[in-house]
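Dear colleague,

Here is the structure I promised to pass on, with its sequence.

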Amino acid sequence: MGLFRKPSFLLSNTVFFITVYGFLVTVISAADYTTLVFKGCADQRFQDPSGIYAQNLKNLSDSLVSQSSQKIYFTATSGDGQNAIMGLYQCRGDLSNDLCHACVTKVPDLIDKLCGKVVAARVQLSGCYLKYEVAGFKQVSETELLYKVCGSTKASGTGFEERRDAAFETMVDGVKNGSKGLFYTGENQSVFVLGQCEGDLSSGDCGDCVNTAVQSVKSECGDSISGQLYLNKCYLSYSYYPNGVPSISSTSDVGARQHTQRTVAIAVGGVAALGFGVVCLMFVRSIFKKRLDY
C-alpha cells in the first residue's frame, strides 16, 4: 500500500507537465502559413471545348503538390505545344517539407475558387505561392510590382530609417550569400526582415531583385514601421519594434512572428524540461521516502 499513499501529489505534477507540454506544442504550431496574402488572375479564360487544358492543369497541380513534400521549389510543364501549361511553387526557405506540402496543397483549390479557369494565375499565401501560365502567355519583368501593403503606424522620433536601412543591407547580403540560398530572415536593431527570391535566379540576380524591392518599399511605405512588397521574382517584409519584441498575439508580420514564436517556444521548452525534471526528482524522492518508511 505504501506505493499509493500520495496519488494526489503524483497526479498534480503529472498534470503540470502535461499542461506545460501542451502549451509548448500549441506555441510551436501556432504560426499559420496558409493565410492568403494576394491573388493574381488573368482576365482571359480557357477556351477549352475538348477539356484538354483542364486536364493539363489538373496534372500540373498534382505534380506540383506531390513534389512539395520533398522540395521547397519546383517547376513543371504539363501538355505539349500550344496546349502546354507551365507552373511552379515555392515555399518559404525556413519551412520544413511537411509544412511546405501542407501549404502548397491548399493552393490549387484556392486558385480554382478565386480565379476560375483562367489562362494564368498566382496565389500567394504567407508560407508559399503557386503560379501557372499557358504557353505563349505574355511575360512580365522580374521586378514588376505585384502587391504591396504598408503598415498604418508611422515611426516617431529618430533612428528608424538608419536601423531599417541597415537591416535591409544585411538582408540583401543574406539572400546572396546565406546558407539557405536565396532566402534570409533575421533581426537587426529591433528591425525584423525577411527576403526571398524565386528558385531559378542566380545569387547575383537575386540580390539585384531584392535590392529593387528595398528601394520600392522605401518609396512606397516611407516611414511606416512595417511593410510587405512582392515583385514578380522576389519579395520582402519588415517590421520595426521600437519598444522591443512584442507578444505573439500582437505580431502581425510573418517573419517577425516566426522569430518571436521560436523565442517563446525555446523559453517554454525550458520550462517544460524543468517541469519534467521536477516531476522525476519528486517521484524518485517519494519512492526513497516510502522505502525508508518500511
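Helices (H or I, at least four residues) and strands (E, at least two) are DSSP runs numbered from the N terminus. Please bear in mind that this is a predicted model, in which local features need pLDDT of at least 70 and side-chain atom pairs pLDDT 80 or more, while totals for chains, interfaces and linings use all residues. Residues are numbered from 1 along each chain as its sequence is written, and side-chain values use heavy atoms, without hydrogens or water.

At Pro108, helix 3 bends by about 25°, the angle between axes fitted to the seven residues ending there and the seven starting there. Pro108 is also among the buried residues of helix 3, together with Cys100, Cys103, Val104, Val107 and Ile111 (buried means under 20% relative accessible area with a 1.4 Å probe, protein chains only). After helix 3 comes Gly116, with a positive phi near 75°.

As for cavities, the structure holds two of 30 Å³ or more, a cavity being a set of points on a 1 Å grid over the protein atoms alone where a 1.4 Å probe fits but cannot get out. Strand 8 (191-197) and strand 10 (234-240) each give two or more residues to its lining.

Best wishes

Notes. Buried means under 20% relative accessible area, exposed over 50%, partly exposed in between (1.4 Å probe, protein chains only). On a 1 Å grid over the protein atoms alone, a cavity is a set of points where a 1.4 Å probe fits but cannot get out, and a pocket is an open set with protein on both sides within 12 Å along at least five of seven lines; lining residues have an atom within 4 Å of a point. Grid points are joined across faces, edges and corners, and a volume is the space filled by probe spheres set on the points.
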